[in-house]
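This report describes selected packing and side-chain contacts in a predicted model. The sequence and structure are shown first.

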Amino acid sequence: MQKKMKPGRLKQLINSVLYKPADYRFDPMDKKIIAEYNKVRPSGKKKCLCYVPYTNMSFTADGTVLSCNYNQSVILGKYPAQTIHEMWNSDGAGKLRECIRHNDLNCGCQYCKNFLESGKFSAMKPQVYDRYSGSYTLKSPKVMEFILDNTCNLECVQCSGIFSSLKNRTDHLSASSMPYDDSFLQQLENYIPYLEEAKFYGGEPFLIDIYYKIWEKIIEIKPGILIFTITNGTILNDRIRQILSKGNFDLAVSVDAVTKNKFEEIRKGAHFETVMSNLEFFNDYCLSHHQVLSVSTTLMRNNWEEVPGIVDLCNKSGARTFFSYLTTPVDLAIYNLEYAALKNIYDTLSKYDFPENTAIQKYNKSCYDDFVNQIHKWMVKANSV
C-alpha cells in the first residue's frame, strides 16, 4: 500500500520547484469560470479542470518528456537519461498533478488558462481526457503523445524548422538526431497493454518510420487502442492503406483554406486537388470505423476569410472542425492586429450562420462562434489600448 505523503512534505516539494516558499499557496481558477466550463464539458461536471497530468505522457523530438505538450514548463525527464517508469513517477509529474488537483493552472498551464478566462471552451484539450476522470493515482498512462521526428514534405508558411525538416533547412537550423531507439520500443511494450489512446504528430506522421514500428507493436499487443494521427493529407500509398486496415485509427487532416490558390500559398509543396481527394478517402475510412474525421485549421491573418468555407466543408462531409490559434510567427497572428483590422474581421465573420441539424453541425457552429467571440475580445482589448 502506498504511504500518504505528509502535508508538510508536499508543501516543501512544491515550494522547491514551483513557488518561492514565502509566497506558497495554491491559486485555483475562479469558481464562476469553472462552473461555466463545467456546463459544456461533454461528459458533465467534474471536480478537476484537467486530467491530462494523471493520464498522459508526451514524448518530444529531442527526448524531453512532458505531461502535456501545451505545458513546456514542467518536464518529467529526458530520454534516454531516464526510463519511462522514472519519468511517469517523477517529482515533476507529482507536483503538477497536485497543482491541477487544486485547479491551479499557474504551473505552466497558461495556454488553457487564457482560453478559460476568455470563455473559449470548445475543443479544449482537457475535455478529451475527462473520460479518465475516475482516478488521481493511475499507475500507468492511459494516453501517450508522440512528436518524435520532424520529417515532412511541406514548408507551410506558419510552421518552423522544429516541426518540418524542409523548413528546418530554410530556417538554417541544425539537424538533430532522434534519441528514440530499440530500447525505447522495448519499454513501450510494458505500457501498451494499459493504453487507451496513442497520438502521433509530426512533421508528417505517415513519413516517419519509427511511427510504423510503434503502430505495429500496438496492433500486435492491443489492437483496440485508438491511434490518433494528424496528417497534411498529401500522401496516400499502399503502406498507409495497409497500416490503416490493421489499426484503429482516428484521423485528422490539416486544411487551412478551401480555395486552391490560398491553400497552396499557405501549404507550400502541397497540391489542393490531391489533398481534397485524400481527405475524402480518410473521411470514408473514419466513417467505416465509427470515427469522425477532424479537419484542423490554423487561424491566421492570411486565411481567416476561408474559415466559413472550411466549416461548410466539414458540415457537408460530416467532419469535425478544430481551430488552432496561432501565436507565432507574430506577423501571421491575428490577436495582435490593430482595432480596425480586428473589427473588419469580426464584422465580416459575424454575418455567417450555420445549420445545427446534427451533433457535428452543432459542434462546428460552436467552434466557429468561439472564434468570432475571441475576435471580439481581442477587438475590445485593442480599442482600450
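## Crossing of helix 9 and helix 10

Helix 9 and helix 10 meet in a right-handed crossing. Two packed helices are described by the angle between their axes and the distance between the axes. For helix 9 (residues 182-189) and helix 10 (residues 209-221), the axes come within 11 Å and cross at roughly 25°. Because angles under 35 degrees count as roughly parallel, helix 9 is classed as roughly parallel to helix 10.

Helix 9 contributes L185, L188 and E189 to the contact, while helix 10 contributes I210, K213, I214, K217 and I221. By residue class, this contact comprises five nonpolar and three charged residues, with no polar ones.

## E197 in strand 5

E197 lies in strand 5, which spans residues 197-200. Its relative accessibility is 4%, so E197 counts as buried; the cut-off for this class is under 20%.

The side chain of E197 forms a polar contact of 2.8 Å with the side chain of Y132. Leaving aside residues up to four places away in sequence, E197 touches V128, R131, Y132, K142, V143, M144, I225 and L226.

## N248 in strand 7

N248 belongs to strand 7, made up of residues 248-254. From there, the N248 side chain reaches the backbone oxygen of G224 at a distance of 3.1 Å.

With residues up to four places away in sequence again excluded, N248 touches P223, G224, I225, L226 and I227, as well as Y285 and Q291. I225 and L226 are also listed among the residues touched by E197.

Notes
Residues are numbered from 1 along each chain as its sequence is written. This is a predicted model: local features need pLDDT of at least 70, side-chain atom pairs count only at pLDDT 80 or more; totals for chains, interfaces and linings use all residues. Side-chain values use heavy atoms; hydrogens and water are left out. Axes are lines fitted to C-alpha atoms, for helices over the stretch in contact, and angles run from 0 to 180 degrees between N-to-C directions. Helices (H or I, at least four residues) and strands (E, at least two) are DSSP runs, numbered from the N terminus. Angles under 35 degrees count as roughly parallel, over 145 as roughly antiparallel, 65 to 115 as roughly perpendicular and the rest as oblique. A crossing is left-handed if the near helix is turned anticlockwise from the far one by less than a right angle, and right-handed if clockwise. Contact means heavy atoms within 4.5 Å. Ala, Val, Leu, Ile, Met, Phe, Trp, Tyr, Cys and Pro count as nonpolar, Asp, Glu, Lys and Arg as charged, and the others, Gly among them, as polar. Buried means under 20% relative accessible area, exposed over 50%, partly exposed in between (1.4 Å probe, protein chains only). A polar contact is a pair of N or O atoms within 3.5 Å; within protein, one must be able to donate a hydrogen and the other to accept it, and residues adjacent in sequence count only if both atoms are side-chain atoms.
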